[in-house]
Amino acid sequence: MMRIITGKAKGISLVTLPGMNTRPTAERVKEAIFSALQFDVEGREVLDLFAGSGQLALEALSRGAKSAYLCDQEPQAVKVIEKNIEKTGLAGAHVLCCSYQRALERWRDKQFNLVFLDPPYQAALIPKVLSALQLKNLLAPGALLICEDERAEPYTLSGFILRKHAKYGRVYITILEKEGSAQ
């Protein structure tokens with residue numbers, strides 16, 4: 001069972017997609033991510049490009065993020081995200097059903113300061129997405145990028161500081177921080 005850990009929607013259970021096409025972030029991993037981010041969520045503009053059930057962005061909204069932009073290319077996932085937004089009653093969520101490339105184009109006038117990247121592991125999309133975010137200037141100074149996959153080596157990106165890299169079971173979390181002062 002997935003649930004919101006803390007904040008305005010604390011304890012509310014979330015709907016998940018049936019089947020094996022979507023792999024939700026494990027509760028233990030989500031707790032570790034938000035423990036590392038505990039003072040870096042409030043007032044932030046959040047981007048979740050491979051949102052699945054929406055649990056990471058909704059957790060951020062519950063903890064005081066200003067708004068969250070969620071994208072998934074699977075129509076069934078978007079329906080689940082919309083149900084979870086309704087269940088939690090959290091305001092500030094914007095959802096698109098499209099590829100991550102179209103979402104980045106659609107939200108090209110935004111600057112995000114908290115980005116969740118948890119694409120299908122076998123697709124190896126994180127390097128492409130990191131490059132696209134930087135190329136399109138979608139990251140505010142001090143932005144945090146949370147990458148989840150099975151890659152043992154931490155991601156590195158010019159202009160970013162490696163804030164954390166840790167293993168949780170078979171999953172690795174890399175947290176990168178864009179150089180510059182957070183706004």
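## Strand 4 and its partners

Leu70 of strand 4 is the bridge partner of Asp48. This pairing belongs to a predicted model, in which strand 3 and strand 4 run parallel and are joined by four bridges. Ala93 of strand 5 is the bridge partner of Ala68. A right-handed β-α-β unit is formed by strand 4, helix 3 and strand 5.

Strand 4 is largely enclosed by the rest of the structure, because six of its six residues are buried. Ser67, Tyr69 and Cys71 point one way from the strand, while Ala68, Leu70 and Asp72 point the other way.

## Ala77 in helix 3

Ala77 lies in helix 3 and is buried, with a relative accessible area of 0%. Leaving aside neighbours within four places in sequence, its contacts are Leu17, Gly52 and Asp72. Asp72 is also one of the buried residues of strand 4. Ala77 is 49 residues from Ile126 in sequence, and their C-alpha atoms are 20 Å apart.

## Nonpolar cores

The largest nonpolar core contains 33 residues, and Leu37, Leu114, Phe116 and Ile146 have the most contacts inside it. At least two residues of this core come from each of helix 1 (27-36), helix 2 (55-62), strand 4 (67-72), helix 3 (75-88), strand 6, strand 7, strand 8 (160-168) and strand 9. Helix 2 contributes the most, with five residues.

Not counting residues up to four places away in sequence, Phe116 touches Ile33, Phe34, Leu37, Val46, Leu47, Asp48, Leu49, Leu56, Ala57, Ala60 and Ile146. Another core, of 29 residues, lies apart from the largest one and includes Tyr69, Ala103, Leu117 and Phe160.

## Helix 5

Helix 5 spans residues 126-135, and its residues Ile126, Val129, Leu130, Ala132 and Leu133 are buried. Viewed down the helix axis, the buried residues fall within an arc of 165°, so they line one face of helix 5. The exposed residues Lys128 and Leu135 are on the face turned away from the buried side.

The cover over the buried residues of helix 5 includes strand 3 (45-48), helix 4 (100-106), strand 6 (112-117), strand 7 (139-149) and strand 9 (171-178). Just after helix 5, Asn137 adopts a positive phi of about 55°.

Technical notes
Residues numbered from 1 in each chain as written. Predicted model: local features only at pLDDT ≥ 70, side-chain atom pairs only at ≥ 80, totals over all residues. Heavy atoms only, no water. Buried < 20%, exposed > 50% of the residue type's maximum accessible area, 1.4 Å probe, protein only. Arc of directions from axis to C-beta. Contact = heavy atoms within 4.5 Å. Core = buried A, V, L, I, M, F, W, Y, C linked by side-chain atoms within 4.5 Å. Pairing = 2+ DSSP bridges. Right-handed = clockwise from strand over helix to strand, strands pointing away.
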